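Subject: Structure handover, with notes

Hello,

Here is the structure for your files. Please look it over before reading the notes under it.

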Amino acid sequence: IMSRIFSHSSKDLYPIIYTIIVGMIPFLILGQELNFWLCTLFLPLHAWLIVNLQNGPLHHHSHWPTFLSIKLNRLYELLLSMISGIPHQSWKYTHLKHHVFVNDQPINGQTRDPVSVFRNGKNGEVENFWSYCLRATYDSFKRMFVLPEFPKPVNKKILFWEQIVFNLYLVLIFLLDLNLGIYITAVYALAHFLDAATSYGEHWTVLDRRGDTTQDSIGIYSRWY
């Protein structure tokens, strides 16, 4: 049965289960008194789980569609978008562009890699870490509420519904508990910041190897990273 459902491996069931568990966390803590100390201790862990979701199941599915059925893939993409806080369509487009043009420098003020560390740098230098991460956090939130302009093959209709499911998820949490809604908003803000930090640091020691595709897009994990 599994071989007739999954495109590559029945082990893809594990990231699906992980996605569902992360999505259930807000409802599992519903009714708990979200005091300062609980938030201080659990909020970073919760954000880290979402970053893992973004760079695990969401990333994996963007490269290798999970299901044989197009409809199942679409449903899973809605689930991923809802819980990761990033529309699958925009994440896939941005990520694949990053693979091709990894950390390119601006030409006429624009980079072809949408998340290039040089995109908003000055005088050909790498953008400051804090500026890069805060800008990326703002952009990530904006993508969930404002339909971004992406060229084809991004399907704007699907992208719209990916935004809608996240907004419904967020509104539901706020309706159930205002404090929980505020907490979840902070969780996503931190998760987007940490995801940007991941992107900023991952290729840090190969910035001088741009153009060599066997080197410039591999993950390099320095001590700082």
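Predicted model: local features only at pLDDT ≥ 70, side-chain atom pairs only at ≥ 80, totals over all residues.

Residues are numbered from 1 along each chain as its sequence is written, and side-chain values use heavy atoms, with hydrogens and water left out.

Helix pair

Helix H3 spans residues 70-84 and helix H6 spans residues 156-176; the two pack at an angle of about 50°, their axes 8 Å apart. Helices here are DSSP runs of H or I, at least four residues, numbered from the N terminus. Axes are lines fitted to C-alpha atoms over the stretch in contact, and angles run from 0 to 180 degrees between N-to-C directions. H3 is therefore oblique to H6 (under 35 degrees is roughly parallel, over 145 roughly antiparallel, 65 to 115 roughly perpendicular, the rest oblique). The crossing of H3 past H6 is right-handed (the near helix is turned clockwise from the far one by less than a right angle).

From H3, the residues Arg74, Glu77, Leu78, Ser81 and Met82 meet Ile158, Trp161, Glu162, Val165, Phe166 and Tyr169 of H6, where contact means heavy atoms within 4.5 Å. By class, the residues of this contact are seven nonpolar, one polar and three charged (Ala, Val, Leu, Ile, Met, Phe, Trp, Tyr, Cys and Pro are nonpolar; Asp, Glu, Lys and Arg charged; the others, Gly among them, polar).

Salt bridges

The count is three salt bridges, each a side-chain nitrogen of Lys or Arg within 4 Å of a carboxyl oxygen of Asp or Glu. Burial below is by relative accessible area: buried is under 20%, exposed over 50%, partly exposed in between (1.4 Å probe, protein chains only).

- Arg74 and Glu77 pair at 2.9 Å, N to O. Both lie in H3, three residues apart, about one turn of the helix. Arg74 is partly exposed at 34%, whereas Glu77 is buried at 5%.
- Arg112 pairs with Asp104, with the closest N and O atoms 3.9 Å apart. Arg112 is exposed at 51% and Asp104 is buried at 11%.
- Arg135 pairs with Glu127 at 3.1 Å between the closest N and O atoms. Arg135 is partly exposed at 35%; Glu127 is buried at 3%.

Loop residue

Val126 sits in the loop between helix H4 (88-101) and helix H5 (129-145). Val126 is partly exposed, at 24% relative accessibility. Val126 and Asn103 are 23 residues apart in sequence, and their C-alpha atoms are 9.4 Å apart in space.

Regards
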